[in-house]
Amino acid sequence: MRVETSELDPAVAARLTRNADGLVCAVVQQRGTDEVLMVAWMDDEALHRTLTTGRGTYWSRSREEYWVKGDTSGHVQHVHEVRLDCDGDAVLVVVDQEGPACHTGARTCFDADRLL
């Protein structure tokens, strides 16, 4: 169930530009290599949990629930940095990834199809 009122710092919340579903795009990047691992979605509460726990926490649009990366797979994301982009509609989550980041078992979700 989605949290209606989050404890996210109001100053941070005011900077977010959410989509129609109240979400911002989260781009997850490996610390030290800058490798893009995955993309997920966050609402205010997922961002709050990420900032306060140091674990990548996201909103699953398909399951309609919060998920902490690694809770079921063991492939934990230790968050070192979170940056907001200039428009406030995306966050960059810099992590140390344990094991694969992709649900397919690949290191990154961007290994499969190179278009150019």
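Which residue in S6 does Cys25 stand opposite?

Analyst: Cys25 stands opposite Ala90 in S6. Keep in mind that this is a predicted model. That pair belongs to a parallel pairing: strand S1, residues 24-30, runs alongside strand S6, residues 90-97, with six bridges between them.

Zooming out, the sheet is an open one of four strands, ordered S2-S1-S6-S5, with mixed pairing. Strand S2 (36-42) and strand S5 (77-84) sit at the edges, each pairing on one side only. On average, neighbouring strands here are turned by 25° against each other, if you ignore direction.

S5 and S6 make a hairpin with five residues between them, and Gly88 in the turn has a positive phi of about 75°.

Now the cysteines. The disulfide count is zero, with a cut-off of 2.5 Å between the sulfur atoms. Cys86 has Cys25 as its closest cysteine by sulfur, but the two sulfurs are 13 Å apart, so that's too far for a bond. Cys86 is also exposed, at 77% relative accessible area. Cys109 has its closest cysteine sulfur in Cys102, at 3.2 Å. That is still too far for a bond, because a disulfide needs the sulfurs within 2.5 Å. Cys109 itself is partly exposed, with a relative accessible area of 35%.

Note on methods:
Residues are numbered from 1 along each chain as its sequence is written. This is a predicted model: local features need pLDDT of at least 70, side-chain atom pairs count only at pLDDT 80 or more; totals for chains, interfaces and linings use all residues. Side-chain values use heavy atoms; hydrogens and water are left out. Two strands pair if DSSP finds at least two bridges between them. Helices (H or I, at least four residues) and strands (E, at least two) are DSSP runs, numbered from the N terminus. Axes are lines fitted to C-alpha atoms, for helices over the stretch in contact, and angles run from 0 to 180 degrees between N-to-C directions. Buried means under 20% relative accessible area, exposed over 50%, partly exposed in between (1.4 Å probe, protein chains only).
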